[in-house]
Amino acid sequence: MNKILVPTDFSEQAENALKVAAMLAKTYNAEIYLLHMMEIPMQHSDPGQAKSDIPETLFFMNLARKRFENLIAQDYLKDITVHETVKTDITFNEIKDSCKEFDIDMIVMGSHGATGMMEMFVGSNAEKVVRSSEVPVLVIKNEHQTFKVNNFVFASDFQNDNKETYKQAVKFAKAFGSKIHLLLVITSSNFMTSYEAKTRINDFISGIDYDNYTITIHNDYTVEQGILNVSKDINADLIGISTHGRQGIAHFFNGSISEDIVNHAKRPVITFKI
């Protein structure tokens, strides 16, 4: 991992994410790309009106530059290469485009969760990034003095189209020396025997070189609740899930599950796009 994108609205939640991104950057010797998006009327059909917008545009651009300066001066970013960029449109395509423009390997972003303030980069907005991102997205809810991943829950349906995402999770786990808890949640609507479930998981991980793992087959009312319950029971440091986005792939473990987890899990969540 060489490049980490951190969307920021300069809020406390965004800075919590930046602090974790800084720890990741030191672990991977990576660079950070700070992205701030603001809605500024750059042009109008009336040329005379466009001129009147220039002072307002300059004001907000200068304000963003000042905030960047204050942020980059923080001790936790010392010795890390940080790039800052401002996009003058608040759309999720800006994040997607920035990932392509800068060849980003991972997005780290803050979130309040479902009950938080409805601001940019919090709550349901994190879901939209998760849904559209082609690179892994790490969602941070709280401040972390140290970002350690001793216990890493990887929840999946363990179908073959998920295998590449597991390889990404293994790379992440190797960097932190994590134990991966392979979790398959069984509900009444997707019932299988424990033997079938364990066989599916063993077939899924065959050929992938990582021995520090456990297998957990858990029954629950919903996949989301099962993931949250198991993660709580083992005091997981991180939940990892695969997301299909909105492509309508006909497995029980679809895009909406990842969004629900991002919104409701108190612990960090990392999503990998299939």
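A nonpolar core, as I use the term here, is a set of buried Ala, Val, Leu, Ile, Met, Phe, Trp, Tyr and Cys residues joined through side-chain atoms within 4.5 Å. Buried means under 20% relative accessible area, exposed means over 50%, and partly exposed is in between (1.4 Å probe, protein chains only).

**Ground rules.** I am working with a predicted model, where local features need pLDDT of at least 70, side-chain atom pairs count only at pLDDT 80 or more, and totals for chains, interfaces and linings use all residues. Residues are numbered from 1 along each chain as its sequence is written, and side-chain values use heavy atoms, with hydrogens and water left out.

**Overview.** I looked up the secondary structure and found 8 helices and 10 strands in the chain; these are DSSP runs, numbered from the N terminus (helices H or I, at least four residues; strands E, at least two). The chain has 274 residues, and 50% of them count as buried. I got an accessible surface of about 13,300 Å² for the chain, with 46% belonging to carbon and sulfur atoms; the areas come from the Shrake-Rupley method with a 1.4 Å probe, and for residues only the protein chains shown count as cover. Next I took contacts (heavy atoms within 4.5 Å). Of those between residues at least 6 apart in sequence, 78% join residues at least 24 apart.

**Cores.** The largest nonpolar core holds 47 residues, and Leu 24, Ile 32, Val 108, Leu 138, Phe 152 and Phe 172 have the most contacts inside it. Helix α1 (residues 12–28) gives the largest share of this core, 7 residues. Another core lies apart from it, with 31 residues, including Ile 95, Met 109, Val 129 and Val 262. I then picked Phe 172 and set aside its neighbours within four places in sequence: its contacts are Leu 24, Tyr 28, Met 106, Phe 147, Val 149, Phe 152, Leu 238 and Ile 270.

**Helix α6.** This helix (residues 194–205) has 12 residues and reaches 17 Å from first C-alpha to last, close to the 16 Å expected at 1.5 Å a residue; the expected span is 1.5 Å times one less than the number of residues. I listed Ala 197, Ile 201, Phe 204 and Ile 205 as buried in α6. Seen down the axis of α6, its buried residues fall within an arc of 85°, so they line one face of the helix; the arc is taken from the directions from the helix axis to the C-beta atoms. They pack against β6 (151–155), α5 (163–176), β7 (179–186) and β8 (213–219). After α6 comes Gly 207, with a positive phi near 90°.

**Salt bridges.** My search of the whole structure gave 3, counting a side-chain nitrogen of Lys or Arg within 4 Å of a carboxyl oxygen of Asp or Glu.

- Glu 143 meets Lys 19 at 2.7 Å, N to O. Glu 143 is in the loop between β5 (137–140) and β6 and Lys 19 is in helix α1, so the pair ties together parts 124 residues apart in sequence.
- Lys 273 meets Glu 134 at 3.5 Å, N to O. The pair links strand β10 (residues 269–273) with the loop between α4 (124–132) and β5, 139 residues apart. Lys 273 is buried, at 13% relative accessible area, whereas Glu 134 is exposed, at 53%.
- Glu 164 and Lys 167 have their closest N and O atoms 3.2 Å apart. Both lie in helix α5, 3 residues apart, about one turn of the helix.
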